[in-house]
Number of protein chains: 2
Amino acid sequence: MTALHHLRANAVILSVADEQPRVMTLPGTSALPAGDLVDDQDATLELALRRLVREQAGIDLGYVEQLYTFGDQARSPTGRTISIAYLALVDAGLAPAGREAAWLDCYQLFPWEDWRSGKPEIIDQELVPALERWVGDSALRRERVDITFGLSGSPWDGARVLDRYELLYEVGLVAEKGVDSGETVAGQVGVAMVSDHRRMVATGLSRIRGKLSYRPVIFELLSETFTLHQLQRVVEALAGVRLHKPNFRRLVERGGLVEGTGVAEQKTGGRPAELFRFRREVLRERPAPGVGLPSAR
Amino acid sequence: MTALHHLRANAVILSVADEQPRVMTLPGTSALPAGDLVDDQDATLELALRRLVREQAGIDLGYVEQLYTFGDQARSPTGRTISIAYLALVDAGLAPAGREAAWLDCYQLFPWEDWRSGKPEIIDQELVPALERWVGDSALRRERVDITFGLSGSPWDGARVLDRYELLYEVGLVAEKGVDSGETVAGQVGVAMVSDHRRMVATGLSRIRGKLSYRPVIFELLSETFTLHQLQRVVEALAGVRLHKPNFRRLVERGGLVEGTGVAEQKTGGRPAELFRFRREVLRERPAPGVGLPSAR
DNA sequence: ACAAAAGTGTTTCGACTACACCCATGG
DNA sequence: CCATGGGTGTAGTCGAAACACTTTTGT
């Protein structure tokens with residue numbers, strides 16, 4: 001009656017260090033922290049995940065949300081594997097590294113997602129030609145590629161990280177496809193991860209890019225106090241775009257998202273900067289407080 | 001090593017008829033279509049859900065997205081029950097009813113969510129007094145209640161359907177809590193459903209209310225052509241608020257979301273209205289096309 | 001005629017953008 | 001001094017909100 005299902009939990013743990021978004025992996029692997037959900041010692045799935053990460057990586061997670069449940073993998077004789085993926089955000093200052101945890105640069109996984117120094121070359125040099133071949137004269141494929149990669153006059157939508165990964169997967173441009181199907185295609189892009197872990201990271205990046213503009217999640221990645229410059233750099237790292245400094249300052253200050261502490265940070269490389277902190281009251285004042293990226297509408 | 005997990009899929013199937021949002025249930029019950037995921041005959045979980053709904057309710061779903069995976073229920077000796085909930089939207093015109101499927105008014109489940117005729121009386125008459133008692137002098141509870149229910153000057157955020165249900169659950173104001181814990185509290189609100197199905201519907205309503213303003217999902221609930229009045233009524237039904245007619249028209253037309261067909265609908269009760277259709281090209285033009293509700297930022 | 005619903009014009013308001021510019025510190 | 005980053009002013013643009021109003025049908 002009830003079949004055996006292999007149930008796993010996976011953790012996409014993100015932080016930003018040195019202006020790079022990065023995801024936690026198990027040292028020496030390209031695998032996310034993950035484990036079987038074998039018993040019922042935890043009251044909730046989220047608590048099970050927290051325990052799992054504590055045991056595997058020695059870190060107590062703060063912000064955690066459920067990401068997505070993946071169940072489409074190749075089947076095993078004992079039944080389908082179901083993976084419940086969670087997204088966690090940690091302050092780079094508190095994030096461990098070394099024997100227990102390693103960190104992988106997200107833009108090594110998705111080089112086409114970092115537009116901070118302009119349009120990534122890989123798009124026009126490698127992705128577009130391959131995508132064009134795949135499109136052929138299919139109008140459906142044409143529309144999908146245009147929307148997903150912002151071609152033919154469509155705008156680039158930073159939050160479509162997952163759509164882009166999935167399209168590249170279908171086209172055969174990412175290594176996992178070759179691994180899965182046994183065949184290898186020339187010109188694969190980005191660093192691969194085991195199983196469908198890169199898809200999970202793409203899901204996480206999509207989620208947080210979308211959420212930046214309507215929830216103050218960004219402060220989960222920063223210490224208690226920070227300069228506006230640091231805040232801006234972290235937002236830029238995640239969003240993958242450069243922002244206009246004077247306007248960014250006003251948006252977060254006038255938006256009531258932060259408040260000055262009166263204390264100044266000295267080691268800025270220039271004039272000392274005031275330290276700010278997240279202004280919690282904003283949650284009571286505005287329905288959807290976030291940092292507001294260009295074309296968030 | 002691997003434990004037995006009871007894995008189920010649940011379907012929150014929404015449509016709007018007679019200006020009321022409603023959710024599909026199995027006839028004679030207050031249960032969502034659901035079933036065990038027992039074998040691997042389906043390539044993906046979503047396909048398994050589609051088959052399940054076809055078999056149980058005799059309907060082929062169109063728009064489907066994964067909602068959330070619930071796993072916190074009371075445990076059984078054979079292991080935890082994991083429920084993967086999906087959200088589906090169907091055009092009221094195509095939706096069946098009768099022996100195979102019944103429909104339950106969403107605002108019977110959540111009477112406090114329908115603000116189309118002003119603030120629902122149940123809020124001030126029943127919810128607020130009970131919530132105030134629960135708050136006591138806890139600042140944490142105070143903040144949570146204020147944000148969730150828009151008290152003490154905080155704005156009402158339509159998309160927080162789930163937050164509100166979960167808070168009422170914790171406070172003991174919804175019947176499921178009594179069912180689960182064996183105790184009953186006086187003054188429970190809204191129609192209950194079996195197990196955690198009402199929570200799933202709340203999750204679905206939250207999701208779609210949030211999505212209305214940045215994805216053109218509303219058209220999944222309408223037939224091929226419609227008057228702007230019909231469109232507005234469906235949006236209002238889901239969002240639970242009245243909208244300003246002239247501005248609504250312009251928002252969807254100038255926003256490129258719809259285009260006129262030149263054909264007129266006669267039976268409007270007044271002047272004939274032009275029939276419109278969804279303008280698919282908007283997907284190529286704008287990053288996040290939606291209907292734009294008041295205070296969507 | 002009048003009710004009911006469709007549909008248009010115009011003004012105001014506020015949010016975000018872009019551009020130009022000044023300030024304070026370290027080397 | 002000048003490089004680096006901190007920080008401010010202001011004008012323009014665009015979309016949304018509010019209000020007043022006209023048009024076309026059925027009864």
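## A polar contact in chain A

A polar contact is a pair of N or O atoms within 3.5 Å; within protein, one must be able to donate a hydrogen and the other to accept it, and residues adjacent in sequence count only if both atoms are side-chain atoms. The model discussed here is a predicted one. In chain A, the side chains of Arg116(A) and Asp114(A) are joined by a polar contact of 2.9 Å.

Arg116(A) belongs to the loop between helix 2 (106–109) and helix 3 (121–135) of chain A. With a relative accessible area of 10%, Arg116(A) is buried, because residues under 20% are counted in that class. Apart from neighbours within four places in sequence, Arg116(A) is in contact with Glu19(A), Gln20(A), Pro21(A), Tyr107(A), Glu236(A), Ala237(A), Gly240(A), Val241(A) and Arg242(A).

## Helix 5 of chain A

Helix 5 of chain A spans residues 161–171 and is mostly covered, with eight of its 11 residues buried. The buried residues are Val161(A), Leu162(A), Arg164(A), Tyr165(A), Leu167(A), Leu168(A), Tyr169(A) and Val171(A). After the helix comes Gly172(A), which has a positive phi near 90°.

Tyr165(A) and Tyr169(A), both among the buried residues of helix 5, also take part in an aromatic cluster together with Phe110(A) and Trp112(A).

## Aromatic rings and charges

Over all chains, the count of aromatic pairs comes to 16. One of them is formed by Phe219(B) and Phe278(B), whose rings are stacked at 4.5 Å centre to centre, with 25° between the planes. Phe219(B) lies in the loop between helix 7 (197–211) and strand 7 (225–226) of chain B, and Phe278(B) lies in strand 9 (residues 273–278) of chain B, so the pair ties together parts that are 59 residues apart in sequence.

In chain A, the charged end of Arg22(A) is placed over the ring of Trp103(A), 4.2 Å from its centre. In chain B, the charged end of Arg164(B) is placed over the ring of Trp156(B), 3.8 Å from its centre.

## Loop residues

Where does Ile59(B) lie? Ile59(B) is found in the loop between helix 1 (45–57) and strand 4 of chain B, and Ile59(B) is buried, with a relative accessible area of 7%. Leaving aside neighbours within four places in sequence, the residues in contact with Ile59(B) are Met24(B), Val53(B), Arg54(B), Val90(B) and Pro96(B). Val145(B) is 86 residues from Ile59(B) in sequence and 40 Å from Ile59(B) in space, C-alpha to C-alpha.

Asp18(A) lies in the loop between strand 1 (6–17) and strand 2 (20–25) of chain A, and its phi is near 55°, a positive value in a residue other than glycine. Asp18(A) is exposed, with a relative accessible area of 74%. In chain B, Asp18(B) is placed in the loop between strand 1 and strand 2 (20–25). The phi of Asp18(B) is positive, near 55°, and Asp18(B) is exposed at 75% relative accessibility.

## The interface of chain B and chain A

How many residues of chain B are in contact with chain A? There are 45 residues of chain B in contact with 46 residues of chain A. The area buried between the two chains is about 4,200 Å², and carbon and sulfur atoms give 47% of it. His5(B), Asp40(B) and Arg284(B) supply 17% of the area that chain B buries against chain A, more than any other three residues.

Six salt bridges are counted between chain B and chain A. Asp146(A) forms a salt bridge with Arg284(B), in which the closest N and O atoms are 2.2 Å apart. On the side of chain B that touches chain A, the elements giving two or more residues are strand 1 (6–17), strand 4 (63–70), strand 5 (81–89), helix 4 (139–149) and helix 10 (282–285).

Technical notes. Residues numbered from 1 in each chain as written. Chains lettered and ligands numbered in written order. Predicted model: local features only at pLDDT ≥ 70, side-chain atom pairs only at ≥ 80, totals over all residues. Heavy atoms only, no water. Phe/Tyr/Trp six-rings, centres within 6.5 Å; stacked < 30°, edge-to-face > 60°. Helix = DSSP H or I, 4+ residues; strand = E, 2+ residues; numbered from the N terminus. Lys NZ or Arg CZ within 6 Å of the ring centre and 35° of its normal. Contact = heavy atoms within 4.5 Å. Buried area = accessible area lost by both parts, 1.4 Å probe. Salt bridge = Lys/Arg side-chain N within 4 Å of Asp/Glu carboxyl O. Buried < 20%, exposed > 50% of the residue type's maximum accessible area, 1.4 Å probe, protein only.
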